[in-house]
Protein chains: 2
Amino acid sequence: MNTYKAINLVKRPQPGPITEEIFDVVEKELPPVGDNEILIKQTHMSLDPAMFGWMSPDTESYIPPVELGSVMRSSGVGQVVESNHPDFAVGDRVMGMMGWQEYALSNGQGINKVEADVPDETVLSVFALPGLTATQGLFNVGKPQQGETLVVTGAAGSVGSIVGQLAKAEGLTVIGVVGSDEKANWIVNELGFDGAINYKEGDLHDQLTKLTPDGIDLYFENTGGPIQHLVFERMNAHGRVVVCGMIADYGKQVPDPGPNWIPIIKKRLTIQGFTMPDHFDEIPSLLAKLTPYVMEGQVKYRAHVLEGLESAIDGLNLFFTGGNQGKLMVKL
Amino acid sequence: MNTYKAINLVKRPQPGPITEEIFDVVEKELPPVGDNEILIKQTHMSLDPAMFGWMSPDTESYIPPVELGSVMRSSGVGQVVESNHPDFAVGDRVMGMMGWQEYALSNGQGINKVEADVPDETVLSVFALPGLTATQGLFNVGKPQQGETLVVTGAAGSVGSIVGQLAKAEGLTVIGVVGSDEKANWIVNELGFDGAINYKEGDLHDQLTKLTPDGIDLYFENTGGPIQHLVFERMNAHGRVVVCGMIADYGKQVPDPGPNWIPIIKKRLTIQGFTMPDHFDEIPSLLAKLTPYVMEGQVKYRAHVLEGLESAIDGLNLFFTGGNQGKLMVKL
């Protein structure tokens, strides 16, 4: 086989669902592998909400947008099939930014070897972007303290589910906000969350009040949406808000307004946004922090696996509908 | 003279202007001065926007509300006229929380001696709550860096005017938002701000864009109001927002919504609220930081002096109308 498939981004997405026409599926020749380069055969590639930011033309975003005409950006896991690089051998399992393509040529930058004996699905679900993001956001930004109450939105999502489990392991009371009863059951009965709110059902204010009788110390925001104002109102003095995602607003032409700032003064709150590209050089220390929790079985996950490269395109829309069940990825 | 006047808070304020009926002006007997106590004759008392929080029944606020039936809380400057306290002598000039009254009995807690040879008006305008708040907020929360651009709202106010001058002294570009052309002239021509915006005039977006060609790194928020959204949109990556006051919203039954949180992620912003009561034990170090700027003449101020205890009541409404010109205080 001398050719492989790749998907290029050719147009910027419009507000609303992602459509096929913004992508171009192409057949490419396998490239020659130069000095200090490796060729990776990708086995699983990750779909993440951050991709909406990467596709957007907004030059103020945290990393440059994907250039039109180039391969769509994504992280993945795969096997080294050819190596002229001293740090990598044929057969090594690696993870890193590989793009929407079956093979990736790399100089090794940003590519990390995966030594842990876990399935590919675990690598992408726990050790890759979701776990690193959860670890950075919860520990380094949120600074959780035993006995505190955490509310996490998108709690059945790839990041939120790990945030909640790490917080439980640290002795916090953890309430998750999700979009279906099935997800609510999963995070409470399988992941051990203390409570769940399906934001599509019932009186949210009542549910939140009942589940957080001592108020909220730490708010890990993955979604935005109307629940944001309710959670914000229940923040305790010196509470921290970690802003990691706003998926409910990414597709909107006019994003919903946020909460008034008076509580920021009254409660002396800190609201902090972060994105992983600022912390890529901290990946080794983040992995060192995360790995023991995983190896002790404290981080369960659910992978939602799509089949075949092209399934990535429509797969992105599962983030808008909340139709994904667990970490979304594509098996190649 | 064995009696003195004091003003008690007897009702909680309603939204809108402050009315006389929530206060009671009383005549009291001078109290006996016990062991380790001092009697202070107050000469100037300070009016501050924080008072709206202190009067409010909101038990979630940062310090307990003033109890109904007790003297209205305020800071002031005065002279020790009787002392049974080892740390204070008759004739000492002191500042601290003294309340709306002509004489204050104190055990010395929270009362600091003022050694600097400056007028009473300077003490209240610069060394008391406004200067301490500006110093804490700008340096310890905002972490200004030379060459950055700061926007401060309420820039002609007691805190904002000091924030801007300290930031100028640190080598930042400083733009102030004010409510009149007269104030705009004052902060630019007298205080040395790089630019001013009268939020009541012209196209705010255009003015802000012109005055902050390199975006905004540091946003010191004293007011809230519509300009908040415009400033927020121009924040640079890793920008910091110091939330110190929201005077535009304190009187509203339904406060205006804040900005959407997407920029918090995209720009990795930190938004942090603070109030001075959390930092009262840091007053010595804050004064040590502030004093050299004052003594080198880098902090100018304007005092707006009302006459007589009762003038305090209607004086509070100057915060809503923006009618105060400089630090508001009452001469007793």
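At what angle do helix H2 and helix H3 of chain B pack, and how far apart are their axes? Keep that in mind while we set up the viewer.

This is a predicted model, in which local features need pLDDT of at least 70, side-chain atom pairs count only at pLDDT 80 or more, and totals for chains, interfaces and linings use all residues. Residues are numbered from 1 along each chain as its sequence is written, chains are lettered from A and ligands numbered from 1 in the order in which they are written, and side-chain values use heavy atoms, with hydrogens and water left out.

**Stop 1: two helices in chain B**

Select residues 120-127 of chain B for helix H2 and 129-142 for helix H3. (Helices are DSSP runs of H or I with at least four residues, strands are runs of E with at least two, and both are numbered from the N terminus.) Here is the answer: the two helices pack at about 30 degrees, with axes 3 Å apart. The axes are lines fitted to C-alpha atoms, for helices over the stretch in contact, and angles run from 0 to 180 degrees between N-to-C directions. That makes H2(B) roughly parallel to H3(B), a label for angles under 35 degrees, while over 145 is roughly antiparallel, 65 to 115 roughly perpendicular and the rest oblique.

Now show side chains. Leu124(B), Ser125(B), Val126(B) and Phe127(B) in H2(B) meet Leu129(B), Pro130(B), Gly131(B) and Leu132(B) in H3(B); contact here means heavy atoms within 4.5 Å. Of the residues in this contact, 6 are nonpolar, 2 are polar and none is charged. (Ala, Val, Leu, Ile, Met, Phe, Trp, Tyr, Cys and Pro count as nonpolar, Asp, Glu, Lys and Arg as charged, and the others, Gly among them, as polar.)

Buried means under 20% relative accessible area, exposed over 50%, and partly exposed in between, with a 1.4 Å probe and protein chains only. Among the buried ones are Asp120(B), Thr122(B) and Val123(B).

**Stop 2: salt bridges**

The whole structure has 20 salt bridges over all chains, each a side-chain nitrogen of Lys or Arg within 4 Å of a carboxyl oxygen of Asp or Glu. Lys5(B) lies in strand S1 and Glu310(B) in the loop between strand S14 and helix H11 of chain B, so the pair ties together parts 305 residues apart in sequence.

Hop over to chain A and pick Arg93(A) with Asp120(A), where the closest N and O atoms are 2.6 Å apart. Arg93(A) sits in strand S5 and Asp120(A) in helix H2 of chain A, 27 residues apart. Asp120(A) counts as buried, at 18% relative accessibility.

**Stop 3: positive phi**

Next, select Arg268(A): its phi is near 50 degrees, a positive value in a residue other than glycine. Find Arg268(A) in the loop between helix H9 and strand S13 of chain A. At 11% relative accessibility, Arg268(A) is buried.

Over in strand S12 of chain B is His238(B), with a positive phi near 65 degrees. His238(B) is partly exposed at 42%.

**Last stop: both chains**

Zoom out. A rotation of 180 degrees with 0.0 Å of shift along its axis superposes chain B on chain A, with RMSD 0.0 Å; copies are superposed by least squares on the C-alpha atoms of residues with pLDDT of at least 70 in both. That is the relation of a two-fold axis.
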